[in-house]
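Good morning, everyone, and thank you for making the time. Please have a look at the sequence and the model on the screen, and then I will take you through a few places in turn.

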Amino acid sequence: MRISVYDLFDDVVPESRLWELTPGAWVALDESIRSGHYLQAPRDVTLMRRPVHVLLMACSSRGEFRERAIPQLARHPVLWPLLVVRALDWAGPVRDYARHILVNVATRPEAARRMIPIAMRLRGRIGGPGLLDLLRPVIAFDAHADFDGPTMRLVVEELIRRDDVEAVRGLHERMTAPGALLRAAMYLIERSDPEPFLRSPFAQVRARALVLAPHRGGEFLGDRSKIVRLTAQGLVRRAGGDPASWYRTRLGSAVSILGLGESGGPADADRVVPFLRDRRARVRAAAVVALRVWGRHDDVAPLVRDPSARVVRQVAKSLRAAGAPPDFGLLDRANPPHVRRAGHRLLVAADPWTRLKADLLLLDDPDLADVASTDLRVWCDQVLVALYRPCPEALREELAGLLPKAPQELRARAEWVLR
């Protein structure tokens, strides 16, 4: 939430809006007031009863004003984030006084919610880690599990740094921020029974749990995540089993086809080819992926105009791996946008002159003009200076006819090269 400095000076900011400020907004507000305004604060601080008045004085460019405002900051919980900012003040007397007051205020029950996010935000500043060390004995870093994602992740990292297993476990059970949950789980899994973590929504966690519980490997051959499947396949092989046979007997789903591609061999390709005609796009895409592993690119080429963007993306990868010849027909406006987009990616990956032609052809495409224009600028800025092979004569005239569609500044550079 943004608050104008002018609103503060005009005395129109209610206290309720200060409660809504994020840690980043507090930092930005402090910097904007100090750098942009000279505050004529009254000598009698006791007259500054409203939090906004105290805020203005605490952000003054005058160190003596900031120092005298510190006790007033302690009286207003809404301003406690600013007390944390002043505890990292560049002026020694202000910084020391703020830390002295901060340690006392941080013992209050409501201090964690107001102070931890801003302290975490500032931990990269000079003295930031020392400020966390100062707060550690007096403030409960695991008091709240509903901070925003970045703050929650930093809180978990701080607790891990202390090796506080119980605090991390308590937060893991209550918080919902994905990044923090993943970090906490990866920490706890090494210090707990791995079995509960096999149900984790995070693939990295399930894979690690499998490594720590190898007897469960066979149960996860059908996992939706590739890293988990590969881990399970390795564990099954280590136990003397054959994961490919497990997939062969269950062939039909996307996961089983992908699993067979990961664990089988070229002899399994004929089992997978029929699934290129499956009515389910997910299954067709999986079949393309598996066949690409075995180098069966010709089988998948007809699907380059598939109605599913998911399938076409995988076919484009296969055609690129096979070094398929350029097909400008894919850029035809009769094709759906996802086919034209895949065609452009294939042509861009070819030689520089083919790439230039593809970009110019799509400059008036209603769906891909922006993509083509951006790539054309990259071509002129990066590819052009590295060209070592002249344009083929057969293509030169065609490119010259397309160049009028390009922006003027790019057209001049490309024309110069063609000449």
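Let me begin with a question: in which loop is P407 found? P407 lies in the loop between α23 (393-402) and α24 (408-418), where helices are DSSP runs of H or I with at least four residues, numbered from the N terminus.

Before going further, a word on the source: this is a predicted model, in which local features need pLDDT of at least 70 and side-chain atom pairs count only at pLDDT 80 or more, while totals for chains, interfaces and linings use all residues. Residues are numbered from 1 along each chain as its sequence is written, and side-chain values use heavy atoms, with hydrogens and water left out.

The mean pLDDT, which is the predictor's confidence in each residue on a scale from 0 to 100, is 87 for the protein, and 92% of its residues reach 70 or more. Over residues 37-48, however, pLDDT stays under 50, and there the model has 28 contacts (heavy atoms within 4.5 Å) beyond four places in sequence.

Back to P407, which is partly exposed with a relative accessible area of 25%; buried means under 20%, exposed over 50%, and partly exposed in between, using a 1.4 Å probe and protein chains only.

Helix α22 (residues 369-383) holds A372, which is buried, with a relative accessible area of 0%. With residues up to four places away in sequence not counted, A372 touches H344, D359, L362 and L363.

Now to a pair of helices: α19 (residues 309-322) and α20 (residues 337-348) pack at an angle of about 20°, with their axes 10 Å apart. The axes are lines fitted to C-alpha atoms over the stretch in contact, and angles run from 0 to 180 degrees between N-to-C directions. The two helices, α19 and α20, are therefore roughly parallel to each other, a term for angles under 35 degrees. On the α19 side, A309, V312, R313, A316, L319 and R320 meet H338, V339, A342, R345 and L346 in α20.

Finally, Q314 also sits in helix α19, and at 17% relative accessibility Q314 counts as buried. Q314 touches A285, V288, V289 and R292, again not counting residues up to four places away in sequence.

Key:
Parallel < 35°, antiparallel > 145°, perpendicular 65-115°, else oblique.
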